[in-house]
Amino acid sequence: MREMDRHFGGGRATLHLRVTPLTGMTSLESMESALKEMETSAKSQLDACKTPEALEAIRVDVLGRKGRLAQVSKSMGQLTHEQRGGMGKLLNQVKELLETAFDARHAAFTREAMAKRLAGEWVDLTLPAKGPLRGGLHPVTIIQSEIEDVFRSLGFTVLDGPEVETEYHNFDALNIPADHPARDMQDTFWMTGGNLLRTHTSPVQVRGMKKLGPPLRMIAPGRVFRNEEVDASHEHTFYQLEGMMIDRDVSVAHLIYFMKTLLSEVFRRDVTVRLRPGYFPFVEPGFELDIECLICGGKGCPVCKQSGWVELLPCGLVHPNVLRQGGIDPDEWNGFAFGLGLTRLAMMRYGIDDIRLLMSGDLRFLNQF
Ligand code: PHE
């Protein structure tokens, strides 16, 4: 054992591949020199090794079951019984020593990889948080709730009505009998069985009069349907907001006052409007309130059909026949009604130049609101 210590510097092992005794050497000397050479060669391989994969290959080659160290220990058979005990201890020492060296190198690779990964995953914890992703309101919904607030503050009740309507509520009760040419003004989707998709929110006027009775202030926002060719300014489905006020001695002046209040609340700036006579069987007199097109500033564009004006607010004083259908005595009560184009209003307010975008479900469009 003392002799081995001399060779291996007090337990520092040296390894070698060749185990055949050199000429004139004892088996013990040859094994010792094989171990010494092996240590030197494994050490320099370890130092030169660049990747964990290469390290593993060297480890298998040196320490594996059929590796170089195993080869050396196989040749222990050539030793005497006494020599074998010392040599076995020495082999174990060398084995432990090399295992420690491999483990250290392996740990160094792991540390390097971790440091690299951490550098890539670096986050600035002082940055403000992103916050949760939230859905938004549709532009028509935004406008609708704003207008509901305005009218609620003026004492109006918000009513709802069915989208599938009876012919009676959509037409007859609104002074549009079956043979009336005004039926052609609104292209209708008919259901089998005689009902229809409401072409306007006006049927809620009739339901409102019957439900609430006079005096009455109501609005009814909702979805309406027309069997129309679709283009930049026409959709088969769009939104209106119906309004009705019934009291004693209601005049066109009241109507204009409420319409002006409505528009100034919605636009919060001066918009040019014009009032012209308009025909609707359920009002008399009837008006069309147009606003100057806010898309083109009145120059003419596809939205205003090149006219510079957009029909926004048809209105008028409620026809006596409609009051009668609602169970209200026209000799005692009168009122005004209007049918605001909510979809058009949203387009004007947000500068949307194609009505088809509103129902497209396109998130690039919807995310802007
Ligand atoms: N219902 C009418 C339409 O959709 C609009 C309107 C409502 C006109 C109320 C006058 C009064 O065309």
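What we have on screen is a predicted model, and the domain assignment places domain 1 at residues 28-120 and domain 2 at residues 139-366.

As for the overall architecture, the secondary structure of the protein chain amounts to 12 helices and nine strands. The radius of gyration is 46 Å, whereas the globule rule gives 21 Å for 369 residues, so the chain is more spread out than a compact globule. Along the principal axes, the C-alpha atoms fill a box of roughly 140 × 50 × 35 Å.

Turning to burial and contacts, 44% of the 369 residues count as buried, and of the contacts between residues at least 6 apart in sequence, 67% join residues at least 24 apart. The chain exposes about 20300 Å², with carbon and sulfur atoms supplying 53% of that area. On the charges, there are 43 positive and 48 negative ones, and their mean positions lie 12 Å apart.

I would like to finish with helix H8, residues 203-212, whose buried residues are Pro203, Val204, Gln205, Val206, Gly208 and Met209. What do the buried residues of H8 pack against? Their partners include the helices H7 (167-170) and H10 (320-325), and also the strands S2 (164-165), S4 (216-225), S5 (237-247) and S9 (334-341). Just after H8 comes Gly213, which takes a positive phi of about 70°.

Methods
Residues are numbered from 1 along each chain as its sequence is written. This is a predicted model: local features need pLDDT of at least 70, side-chain atom pairs count only at pLDDT 80 or more; totals for chains, interfaces and linings use all residues. Side-chain values use heavy atoms; hydrogens and water are left out. Helices (H or I, at least four residues) and strands (E, at least two) are DSSP runs, numbered from the N terminus. The radius of gyration is taken over C-alpha atoms; the globule rule is 2.2 Å times the number of residues to the power 0.38. Buried means under 20% relative accessible area, exposed over 50%, partly exposed in between (1.4 Å probe, protein chains only). Contact means heavy atoms within 4.5 Å. Accessible areas come from the Shrake-Rupley method with a 1.4 Å probe; for residues, only the protein chains shown count as cover. Lys and Arg count as positive and Asp and Glu as negative; His and the chain ends are not counted. The place of a charge is taken as NZ of Lys, CZ of Arg, CG of Asp or CD of Glu. Domain bounds come from an automatic or database domain assignment.
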